[in-house]
Amino acid sequence: MSRKTTPVFVQRRTYRRRRVADGARLLPVFGGILFLVPLLWHGGDTRAVGLEAAPDGSRTAWVMTYLFVVWFGLAVLSGVLARFLVADDDGADEDGGA
């Protein structure tokens, strides 16, 4: 006595909006992982990373540059995701949505 189940179809706009919202929710986790990457860079074996463990602070400069680039990239990516979410909200209002 099993009932036939019909597949659930979601409108393409709704599906994409949900995926963008999921991406926005995962962005802090992705950023946290990227911020932890410098902890994996070893000071002893510098050939694999391309950094020299010099006492003048050049390694620190590379790490700070990396962190700034990651921070800037996350800010740009979150702005792009926010723009897609806001654009979808405006489109729903024009179509007569609630």
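**Figure 1. Arg25 in a predicted model.** Arg25 is exposed, with a relative accessible area of 59%; exposed means over 50%, buried under 20% and partly exposed in between (1.4 Å probe, protein chains only). The model is predicted, so local features need pLDDT of at least 70 and side-chain atom pairs count only at pLDDT 80 or more, while totals for chains, interfaces and linings use all residues. Residues are numbered from 1 along each chain as its sequence is written, and side-chain values use heavy atoms, with hydrogens and water left out.

**Figure 2. The salt bridge between Asp22 and Arg25.** The closest N and O atoms of Asp22 and Arg25 are 2.9 Å apart; a salt bridge is a side-chain nitrogen of Lys or Arg within 4 Å of a carboxyl oxygen of Asp or Glu. Both residues lie in helix α1, 3 residues apart, about one turn of the helix; helices (H or I, at least four residues) and strands (E, at least two) are DSSP runs, numbered from the N terminus. Salt bridges with shared partners join Arg19, Asp22 and Arg25 into one network.

**Figure 3. The salt bridge between Arg19 and Asp22.** The side chains of Arg19 and Asp22 meet at 2.8 Å, N to O. About one helical turn separates Arg19 from Asp22, because they are 3 residues apart in helix α1 (residues 12-36). Arg19 is partly exposed at 39% relative accessibility, and Asp22 is partly exposed at 27%. A search of the whole structure finds 2 salt bridges.
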